[in-house]
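Please take a moment with the sequence and the 3D view before reading on. The paragraphs below are meant to be read beside them.

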Amino acid sequence: MKKLESMEQFEQLRDQGNHIFMFSADWCPDCRVIDPILPEIEAKYQDYTFIYVDRDEFIDLCIQLDIFGIPSFIAYKDGKELGRFVSKDRKTQEEIENFIEKLEE
């Protein structure tokens with residue numbers, strides 16, 4: 001999974017192509033629980049590029065996007081928000097895949 005490096009990169013990725021941004025942090029135990037399943041999810045949904053956003057590095061972006069719990073996901077296609085899976089709750093593989101499936105409807 002690519003890691004977000006700058007706000008400029010976020011704006012460029014958001015505005016061009018299909019991207020799912022995963023908001024996370026190294027210290028987040030619920031985020032670490034899903035780490036082992038993320039490669040499988042990325043392989044299954046190759047229409048999207050998955051981008052890791054470190055909540056601590058991009059706290060202003062999180063505030064701007066109303067991301068107050070992690071792990072959380074927001075999907076964009078060519079600048080349009082397709083959907084968000086944002087909460088402070090632990091996520092299962094099934095819940096993440098259901099979120100992505102609904103994006104494609």
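The model shown here is a predicted one, and its protein chain contains five helices and five strands. Followed along the sequence, these elements come in the pattern β-α-β-α-α-β-α-β-β-α. The chain is as compact as a globular protein of its length, because its radius of gyration, 12 Å, is close to the 13 Å that the globule rule gives for 105 residues. Along the principal axes, the C-alpha trace spans about 30 × 30 × 20 Å. Of the 105 residues, 43% are buried, while the accessible surface of the chain comes to about 5900 Å², with 46% of that surface belonging to carbon and sulfur atoms. Among the contacts between residues at least 6 apart in sequence, 67% join residues that are at least 24 apart.

The five strands form an open sheet with mixed pairing, and their order across the sheet is S1-S3-S2-S4-S5. Strand S1 (2-3) and strand S5 are the edge strands, each of them pairing on one side only. Within the sheet, strand S2 (residues 18-24) and strand S3 (residues 49-54) run parallel and are joined by six bridges, in which Ile 20 has Phe 50 of S3 as its bridge partner. Strand S4 (residues 72-77) and strand S5 (residues 80-85), by contrast, run antiparallel and share five bridges, and here Ala 75 is partnered by Gly 83 in S5. The hairpin that S4 and S5 make has two residues between the strands, and Asp 78 in this hairpin takes a positive phi near 45°.

Helix H1 (residues 7-15) lies across S1, S2, S3 and S4, and runs at about 140° to S2. Helix H5 (residues 93-103) lies across S2, S3, S4 and S5, and its angle to S5 is about 155°.

Where in this arrangement is Ser 24 found? Ser 24 belongs to strand S2, one of the two strands in the parallel pair with S3. Why does Ser 24 count as buried? Its relative accessibility is 0%, and buried means under 20%, so Ser 24 falls within that class. Apart from neighbours within four places in sequence, Ser 24 is in contact with Cys 31, Arg 32, Tyr 52, Val 53, Asp 54, Arg 55 and Ile 70. Of these residues, Tyr 52, Val 53 and Asp 54 lie in the stretch 49-54 that forms strand S3.

Note on methods:
Residues numbered from 1 in each chain as written. Predicted model: local features only at pLDDT ≥ 70, side-chain atom pairs only at ≥ 80, totals over all residues. Heavy atoms only, no water. Pairing = 2+ DSSP bridges. Helix = DSSP H or I, 4+ residues; strand = E, 2+ residues; numbered from the N terminus. Contact = heavy atoms within 4.5 Å. Axes fitted to C-alpha atoms, helices over the stretch in contact; angles between N-to-C directions. Buried < 20%, exposed > 50% of the residue type's maximum accessible area, 1.4 Å probe, protein only. Rg over C-alpha atoms; globule rule 2.2 N^0.38 Å. Areas by Shrake-Rupley, 256 points an atom, 1.4 Å probe, with all protein chains shown as cover.
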